[in-house]
Structures are given as C-alpha cells and as structure tokens.
Amino acid sequence: MTDFNRIAKKTVWVLFLAQSFASAGFIAAAAINPILGAKLASDRSWATLPTAAYLLSGALSASAWGIIMDRIGRRNGIVSGLLIGILGNILVLFAIQHASFLLVILGLMMMGATNSAVQLGRFAAAEVNPPDRRGRAISMVVLGGVIGTILARVSAVPMSGFVVSLGMDELAGAYATTLILFAIAAVLVFAGLRPDPRDVGKEVAKQYPSEIPHGEARPILQILRQPAPITAVAAMMLGQVVMVAIMVITSMHMEDHQHARADIYTVISAHTFGMFAPSIISGWLLDKIGRGRMIFIGSFTLLLSCITAPLSPNVLPLGISLFLLGAGWNFCFVGGSTLLSDQLSPVERSRTQGTSDFLVGLASAIISLSSGFIFDASSYTMMAVIAGILALVPLFMAWSYMRGTRMQVQM
C-alpha cells in the first residue's frame, strides 16, 4: 500500500504540473479566439466559429482518446495529444500571417483534440487513488489551472509585444505562448508519468472491491440509465455549456464597450481563476459533503453568475460575475467527474469517460457557435438568460439525485 500511495502522489503532482502549463496555453488562446475570428471572418456572426470548431473537435476526439488510452496508456495518449496541439499552434501562426480563416479553424481543431486528451488526465488521477481520495485527486489536477491562469496572464501580453517586434501580428503572441507551454507539458508527462496510471488503476481496483461489476464492460447506455451516472454527465455537460455560453462572447462584449486588451485579459483571467482556484477546497469539500450537494451548489453558483453578468459592462463587476461563472463550473465539473468515476469498473472507465467528454464537448461546441449568432442578433443579456435557464437543469437533477439517495438510506 505504501508503494501505491507514493505512486498516486507522484501521478497527481505530474498531472497537476502538466495541467498548469497546458491550461495556461488554452487560456492564452481562449481570450483571443473570438477576436481573431471577428477579424478574419467575412461576417461578424461567425466570430465564434473558431472556438466552436475547437470545442467540436475536442468532443469528437474524446471517445477516440478513451479507446487510444486503453491501448497505449494514459502517458502516451496525453503526450500524443500535446504534440498534435503543438502542430496546431504552428498552423494557426501561419494562418494569422496569411489571413486565412480556414487554416485558423483547422489549427484550433487540432488544439481542441489536445484539450480533450489533457482533460482525461483528471480521470487518471482518480483511478490511482482509493474512493475516499478521488475527489481531492481530481480537484488537485484541476487546481493546476490556477497556475495556468497566472502563467497565461504574465506571458501572453509580453509575448504579443515580442512577436510584433518580429513583424508578426499582435494576435500571434497568444498562440506562440501556447506552443511553448504545450511543449513543456509534453516533456513533463513523458518523463514523469511512470508507471502508467492505467496499469496502476487496475491494481488499485483490486485493493478496493466495490459493488460495481468487474467483469465485462456494461453498455454505455445501460450505465447512463442509472441516476448517478446521468446526473454526473448532466452536471459536467450543462455546467460546461453555461460556462462557455457566457465566457466565449465576453471578449466581444467588452470590445463593443471599448475596453483595452489588458482589461479583457483581466476579466478572462478572473474567470479562469474562478474555474480552478476553488479546487483548493472543492475536492476536500466534495469528499465531506457528497457529490450531489457539490453539484447542487455549483449549479446554483452558475445561475447567480448568469443573473449578475449583464448588470454592468465595467471591469470589476464583470470580473466578479465571471469569477462566479468559473467557480460554478468547477463545482459541477469536479463533482460530476468524481461521481462518474465512482460508478465505473476499470474496464469501463476510459470508454465511458471518453463518451462523457464527447457529450460535454459537443454540447459546448453547439452553444459556442450559437452564442455568436444570438449575441449579434440580440444582446449579452439574452445570452445570459438562456444560460441561466440551462443552469436550472443540473440544479434540479442534483436535488432529485440527493432525494433518491436519502430515500434509499432510509429504506
């Protein structure tokens, strides 16, 4: 058991560091994607198409990454994803110099596949830990985004100045930053993620037998017909949808109010800080109060953000609202990820988790593309109203799940 504990701690720390660098890259690019889209698209309504393509690619590749990681391991799978992202960044840099909207979309699709592979790392942290430490393990990996937020904020702006001095477009700075950060993350995972979490997870599962069947994998539809898995997937999927719906158009909303580029980075950084900073306590809280309560709190926080975001376009109130948006996403994401991990046997994990991330990414890609048209045709307020209505769904599902769990205990 001592060896398992040591390996688990090492695995979580490596994934935490990799998440820190990779998420810094994603954050640096996310703040600029809609602005780049608006600059290169012939119609401003298509400004969010690059972000939608990025999210759709992540969705479509999630299930494939699950299968790939079952065969070649978590380490090789994550490293492969980061290498694809490096190539995608190179393509985006080339596209910016040649003003090619199509090549930007292709490059971001490659980066979307990278994000899908990196996100599955949270499940790798869960599977090498016993059930009572999975919430903290997942939240620790997600916490890497706090470092990512800081790295993105301090590196993207100076890099923009550097690329301008080289005769490149200012917007290229974000993607040059991302390329370097992905390369660092790839080296960390390749060198440090040994032994592979896939193999360790199988051994840990033998030490902690549960009521989850350990024979042949159940069909995914059979798994999702159960209250706990469907609540978990809904929390992750709709939490992501609500977050993306508001976040993806906030840059454009601030541009319309003549905010400086530094102000946009500040608000997006506040949002991403809210996404990841609560992981300091969310994992511990999750293991204490339960998965259902955490999802309920997260859904309520998302709703509160949707109510407050349209009230003022100023940096401070908008930053606070976007921070709440990130915190609500964190509670739903960590809570849903842990609840889903609890319901799966080792032979079901990668495939089901990949399918779950496919659904999450597909839904967020659809809302990302739709938000550009909704924003252009109506307003930021209307987008917030739609997102708020969607936030009610996981809130009521979490309440129903908790109610059903209490009834089972009483019986």
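User: Hey, is Glu127 buried or exposed?
Analyst: In this predicted model, Glu127 is buried, with a relative accessible area of 6%.

User: Which residue does Glu127 form a salt bridge with?
Analyst: That would be Arg74, and the closest N and O atoms of the two are 3.0 Å apart.

User: And where do Arg74 and Glu127 lie?
Analyst: Arg74 belongs to helix α3 (residues 49–97) and Glu127 to helix α5 (residues 121–127), so their contact ties together parts that are 53 residues apart in sequence.

User: Nice. Is Arg74 buried or exposed?
Analyst: Arg74 is buried, since its relative accessible area is 1% and the cut-off for that label is under 20%.

User: Switching topic: how many salt bridges does the structure hold?
Analyst: It holds three salt bridges. One of them joins the side chains of Lys39 and Asp169, at 2.3 Å from N to O.

User: Where do Lys39 and Asp169 sit in the chain?
Analyst: They come from distant parts, 130 residues apart. Lys39 is in helix α2 (residues 33–40), while Asp169 is in the loop between α6 (134–165) and α7 (172–192).

User: What about the accessible area of Asp169?
Analyst: Asp169 has a relative accessible area of 22%, so it counts as partly exposed.

User: Got it. Which residue meets Asp199 in a salt bridge?
Analyst: Arg198 does; the side chains of Asp199 and Arg198 meet at 3.1 Å, N to O.

User: And what is the relative accessible area of Asp199?
Analyst: For Asp199 the value is 36%, which makes this residue partly exposed.

Terms used
Residues are numbered from 1 along each chain as its sequence is written. This is a predicted model: local features need pLDDT of at least 70, side-chain atom pairs count only at pLDDT 80 or more; totals for chains, interfaces and linings use all residues. Side-chain values use heavy atoms; hydrogens and water are left out. A salt bridge is a side-chain nitrogen of Lys or Arg within 4 Å of a carboxyl oxygen of Asp or Glu. Helices (H or I, at least four residues) and strands (E, at least two) are DSSP runs, numbered from the N terminus. Buried means under 20% relative accessible area, exposed over 50%, partly exposed in between (1.4 Å probe, protein chains only).
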